[in-house]
Amino acid sequence: MATPSSGTSRRLVQYVIVRSDLIHTLSWPLGAVITQACHAATAAIHLHYSDPDTQEYLAELDSMHKVVLQAPDEASLSTLSSTLREKDIAHKLWMEQPENIPTCLALKPYPKETVQPFLKKFKLFK
């Protein structure tokens, strides 16, 4: 793997996984769902601010790379969060308050190849 000091930097990606049923089944406004994703992404960056990958990601402010995927429902999102926790993949499961409903999760920035295997069953958010 290339390092920044070798002249080629790694591609760091922040993945955000959003429940698609919030829009398609529960009829949440699109703006409200986008807001949930923004909250989760910001929280994941904040919680892991000192992490070297996060610092490298933030240093390239104009070329940040995010991928937004969809989870079909609450159960699949919660299962993903549990799997990531078991595998020590740093993330933030965003809970809408005061209802305490899990709406999305965001990983801290990682090299794509580190986390993509855990996310391969999720499709791009539509």
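## Gln 36 in helix H2

In this predicted model, Gln 36 lies within helix H2, which spans residues 30-47. Its relative accessibility is 4%, so Gln 36 counts as buried, the cut-off for that class being under 20% relative accessible area.

Apart from neighbours within four places in sequence, Gln 36 is in contact with Trp 28, Trp 94, Glu 96, Thr 103 and Cys 104. With one of these residues, Trp 94, the contact is also polar: the side chains of Gln 36 and Trp 94 form a polar contact at 3.3 Å.

## Trp 94 in strand S3

Trp 94, the partner of Gln 36 in that side-chain polar contact, belongs to strand S3 (residues 91-96). Trp 94 has a relative accessible area of 21% and is therefore partly exposed; the buried class requires a value under 20%.

When neighbours within four places in sequence are left aside, the contacts of Trp 94 include Gln 36, His 39, Ala 40 and Ala 43. Trp 94 is also in contact with Ile 101, Pro 102, Thr 103, Cys 104 and Leu 105.

## Nonpolar cores

The largest nonpolar core contains 17 residues, and the members that touch the most others are Tyr 15, Ile 17, Leu 107 and Leu 119. Two or more residues of this core come from each of strand S1 (12-19), strand S2 (66-71), helix H4 (74-86), strand S4 (101-107) and helix H5 (112-119). A second, separate core has 10 residues, among them Val 33, Ala 40, Ala 44 and Ala 106.

Tyr 15 illustrates the contacts made by a member of the largest core. With residues up to four places away in sequence not counted, Tyr 15 touches Val 67, Leu 69, Leu 105, Ala 106 and Leu 107, together with Lys 112, Val 115, Gln 116 and Leu 119.

## Asp 21 in helix H1

Asp 21 is located in helix H1, which covers residues 21-24. Asp 21 counts as buried because its relative accessibility is 11%, and a value under 20% places a residue in that class.

Residues up to four places away in sequence being excluded, Asp 21 touches Leu 26 and also Ala 71, Pro 72, Asp 73 and Glu 74.

Notes. Residues are numbered from 1 along each chain as its sequence is written. This is a predicted model: local features need pLDDT of at least 70, side-chain atom pairs count only at pLDDT 80 or more; totals for chains, interfaces and linings use all residues. Side-chain values use heavy atoms; hydrogens and water are left out. Helices (H or I, at least four residues) and strands (E, at least two) are DSSP runs, numbered from the N terminus. Buried means under 20% relative accessible area, exposed over 50%, partly exposed in between (1.4 Å probe, protein chains only). Contact means heavy atoms within 4.5 Å. A nonpolar core is a set of buried Ala, Val, Leu, Ile, Met, Phe, Trp, Tyr and Cys residues joined through side-chain atoms within 4.5 Å. A polar contact is a pair of N or O atoms within 3.5 Å; within protein, one must be able to donate a hydrogen and the other to accept it, and residues adjacent in sequence count only if both atoms are side-chain atoms.
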